[in-house]
Amino acid sequence: MLSDEEYMAYALELAEKAYSLGEAPIGAVVVKKSTGEIIGRGYNLRETKKSPLAHAEIMALDEASRTLGGWRVVDSILYVTLEPCPMCAGAIINSRIDRVVYGARDEKAGSVQSVVSLFELDYNHKPEVTGGVSEKECSEILSRFFKELRIRKNTEKANRCVDPNNIHQLRDLNNNSKNQ
């Protein structure tokens with residue numbers, strides 16, 4: 001069996017794949033504890049599939065359940081680059097995952113430790129949690145993606161507002177894009 005960091009590296013590769021598609025760069029893998037085999041993979045596809053359900057964790061859990069031939073994904077560990085949201089935490093509880101390992105905290109929607117800890121409520125299943133594995137790398141790819149997204153949106157907005165005949169507006173637009 002590989003280390004947590006090595007499995008998280010696989011999840012980061014999937015996050016890079018999401019990034020290349022213009023999706024929020026989040027990746028996930030499900031590993032069978034007894035064998036160390038990756039039985040499920042997923043990355044964000046919400047924009048591509050135009051679905052609020054296409055989170056990395058949901059995609060990985062779905063593949064893992066199909067691999068195992070049932071909805072219970074027992075004897076398994078989920079590695080995900082970002083702390084799961086409420087929907088994904090619920091799917092983790094319902095799938096009976098034994099352990100969740102995540103990279104970066106999600107201070108806005110994290111429902112494992114940051115905003116709320118759904119796993120500590122009186123549900124019928126409580127997975128073990130390890131946070132902060134390869135946190136720097138997981139945070140970096142998210143920061144890079146959202147910085148580029150903000151720049152792209154600001155540039156698009158500025159381009160809609162600029163009079164191409166006004167040299168001062170063009171100069172200001174060029175200076176603003178360099179400063180970001």
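Colleague: What makes up the lining of the largest pocket, by class?

Modeller: In this predicted model, the lining has 8 nonpolar, 2 polar and 6 charged residues. The pocket is lined by 16 residues, and those nearest its centre are Ile26, Leu82, Asp106, Ala109 and Phe146. Ile, Leu, Ala and Phe count as nonpolar and Asp as charged. The space in this pocket comes to about 380 Å³.

Colleague: Phe146 is one of those nearest the centre. Is Phe146 buried, partly exposed or exposed, and how do you know?

Modeller: Its relative accessibility is 35%. Buried means under 20% and exposed over 50%, so Phe146 counts as partly exposed.

Colleague: Why is Phe145 called buried?

Modeller: Phe145 has a relative accessible area of 7%. The limit for buried is under 20%, so the term applies. Tyr19 is buried too.

Colleague: What is the geometry of the rings of Phe145 and Phe146?

Modeller: Their centres are 5.0 Å apart and their planes at 85°, so this pair is edge-to-face. Tyr19, Phe145 and Phe146 form one aromatic cluster. The structure holds 3 aromatic pairs.

Colleague: How do you know that the charged end of Arg144 sits over the ring of Tyr19?

Modeller: The charged end of Arg144 is 4.8 Å from the ring centre. The distance limit is within 6 Å, and there is an angle limit of within 35 degrees of the ring normal. The distance is inside its limit, and the contact is listed as sitting over the ring.

Colleague: What makes Arg144 and Glu16 a salt bridge?

Modeller: The N to O distance is 3.3 Å, and the rule asks for within 4 Å, so the pair qualifies. Arg144 in helix α5 and Glu16 in helix α1 are 128 residues apart. Arg144 has a relative accessible area of 28% and Glu16 has 37%. Both values fall between 20% and 50%, so each residue is partly exposed.

Colleague: Why do you say that Lys33 and Asp98 tie together separate parts of the sequence?

Modeller: Their side chains meet in a salt bridge of 3.8 Å, N to O. Lys33 lies in the loop between β1 (27-32) and β2 (38-43), and Asp98 in the loop between α4 and β4 (99-104), so the pair ties together parts that are 65 residues apart.

Colleague: How are Asp62 and Arg66 placed in helix α3 (residues 56-68)?

Modeller: They are 4 residues apart in that helix, so about one helical turn separates them. Their salt bridge has an N to O distance of 3.1 Å. Arg66 has 58% relative accessibility, which is over 50%, so Arg66 counts as exposed. Asp62, with 39%, is partly exposed.

Colleague: How many salt bridges does the rule give?

Modeller: The count comes to 9.

Key
Residues are numbered from 1 along each chain as its sequence is written. This is a predicted model: local features need pLDDT of at least 70, side-chain atom pairs count only at pLDDT 80 or more; totals for chains, interfaces and linings use all residues. Side-chain values use heavy atoms; hydrogens and water are left out. On a 1 Å grid over the protein atoms alone, a cavity is a set of points where a 1.4 Å probe fits but cannot get out, and a pocket is an open set with protein on both sides within 12 Å along at least five of seven lines; lining residues have an atom within 4 Å of a point. Grid points are joined across faces, edges and corners, and a volume is the space filled by probe spheres set on the points. Rings of Phe, Tyr and Trp (its six-membered ring) pair if their centres lie within 6.5 Å; planes under 30 degrees apart count as stacked, over 60 as edge-to-face and the rest as tilted. Buried means under 20% relative accessible area, exposed over 50%, partly exposed in between (1.4 Å probe, protein chains only). Helices (H or I, at least four residues) and strands (E, at least two) are DSSP runs, numbered from the N terminus.
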